[in-house]
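The two exercises below ask you to read a structure step by step. Please try each task before you turn to its solution.

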Amino acid sequence: MRIRELGRAKLVAKRIINRFAPGGIILLYHRVASVPSDPFKLCVKPHHFAQHLEVLKQHYQPVSLQQIAQALKDGNSVNRWVAITFDDGYADNLYNAKPLLEKYDIPATVFVTTANLENEQEFWWDELDRLLLQPGTLPKTLSLSINGNTYKWDLGEAAANYSEEAFERNRTWTWYAPENTDPSERHHLYRKLYQLLDSVSIPERQKLLGELLVWSGKESFRRSTHRSLFPAEVYTLQEDSLVEVGAHTVNHPFLSKLSVTKQQYELQQSKTCLEQLIGRPVSSFAYPHGDYTAQTAAIACEVGFTCACSTVPNKVRSNSNFFQLPRLEVQDWNGEEFAKQLTKWLYFET
Ligand SMILES: [Zn+2]
């Protein structure tokens, strides 16, 4: 009894000391790639990613996400520890990120959305980019019925016939830019359709994407630059244990909008599917869009995950909740900018 009390007192003391330390960081990446347009700023160019790893190797302690989760459980310090995570499960995580992780011997966790493993389509936000933001010709007008409302758009002549020059001029546009600075009617349409498609059910979204495809006159096609990992590639990714495979639901929904039963399905099914694929337990989870409720976090624990990541931009501290781990999103910075950002995150901002 006395020994147990002593152990507990030591744990509390360690936690108090660690509370005043700068803490650790879980980085959030999506893609390591260079693509012509990237409206959601998901890509970090491969040479920039290599520079990030160099900075981590030289000035921080790169660890796995599970090491952070375990340290928090044990009341140990995560001071200056940095873990790398990737969301969604793009194929470039295997072909562009993994060789660099191997070169620097830095671990990472890739959170895979399982519906896309067997899907012949790109993620729906990329499909919108393919149909709307690439150069070429589109019909001048579009009419869509969404949830009982009819929406009509007129692209005008210039946006309907979108030249290579115009594409080149606008290709650095992002969804985060103020709406009144949208450079063309195509960008305005992309913004509006993203908002509308984001709020409908998955079958409804599929139906609308089908209608948009027919309207665009383009072929059903998955760009190799935008595809998800194939099932065999998920296995290869984690084969040598440097990369951990985590779950990111089946359909990438806003979990807080779903019933408890549907949330349980999304978490449990993605876990089971990946475990069958890789033949080992899947312990880490990331909430799509960083969207969850206290109940979602409870479900993550119930179905057997040992930690779950949010997108709340904060450092990891000794009192961080294992099922609501904060993450800091990385942009396509060069090494110098990345190093500055890490210092800011650790010592000033959060
Ligand atoms: Zn995601």
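A residue is called buried when its relative accessible area is under 20%, and exposed when that area is over 50%. Keep in mind that the model shown here is a predicted one.

**Exercise 1.** Find where histidine 248 lies, decide whether histidine 248 is buried or exposed, and list the polar partners of its side chain.

*Solution.* Begin with the chain: histidine 248 sits in the loop that runs between strand β11 (243–247) and helix α11 (260–278). Next, take its relative accessibility, which is 1%, and because this value is under the 20% cut-off, histidine 248 counts as buried. Then look at the side chain, which makes a polar contact with the side chain of aspartate 88 at 3.1 Å and reaches the backbone oxygen of alanine 286 at 2.9 Å. Finally, leaving aside neighbours within four places in sequence, the residues in contact with histidine 248 include Asp87, Phe111, Ser270 and Tyr287.

**Exercise 2.** Work out which residues of helix α12 are buried, and how they are arranged when seen down the axis of α12.

*Solution.* First, pick out the buried residues of α12 (residues 294–302), which are Thr296, Ala297, Ile299 and Ala300. Seen down the helix axis, these residues fall within an arc of 155 degrees, so they line one face of α12. On the other side of the helix, Ala294 and Glu302 are exposed. Now ask what covers the buried residues of α12: the cover includes helix α11 and strand β13 (307–309).

Note on methods. Residues are numbered from 1 along each chain as its sequence is written. This is a predicted model: local features need pLDDT of at least 70, side-chain atom pairs count only at pLDDT 80 or more; totals for chains, interfaces and linings use all residues. Side-chain values use heavy atoms; hydrogens and water are left out. Helices (H or I, at least four residues) and strands (E, at least two) are DSSP runs, numbered from the N terminus. Buried means under 20% relative accessible area, exposed over 50%, partly exposed in between (1.4 Å probe, protein chains only). A polar contact is a pair of N or O atoms within 3.5 Å; within protein, one must be able to donate a hydrogen and the other to accept it, and residues adjacent in sequence count only if both atoms are side-chain atoms. Contact means heavy atoms within 4.5 Å. The arc is that of the directions from the helix axis to the C-beta atoms.
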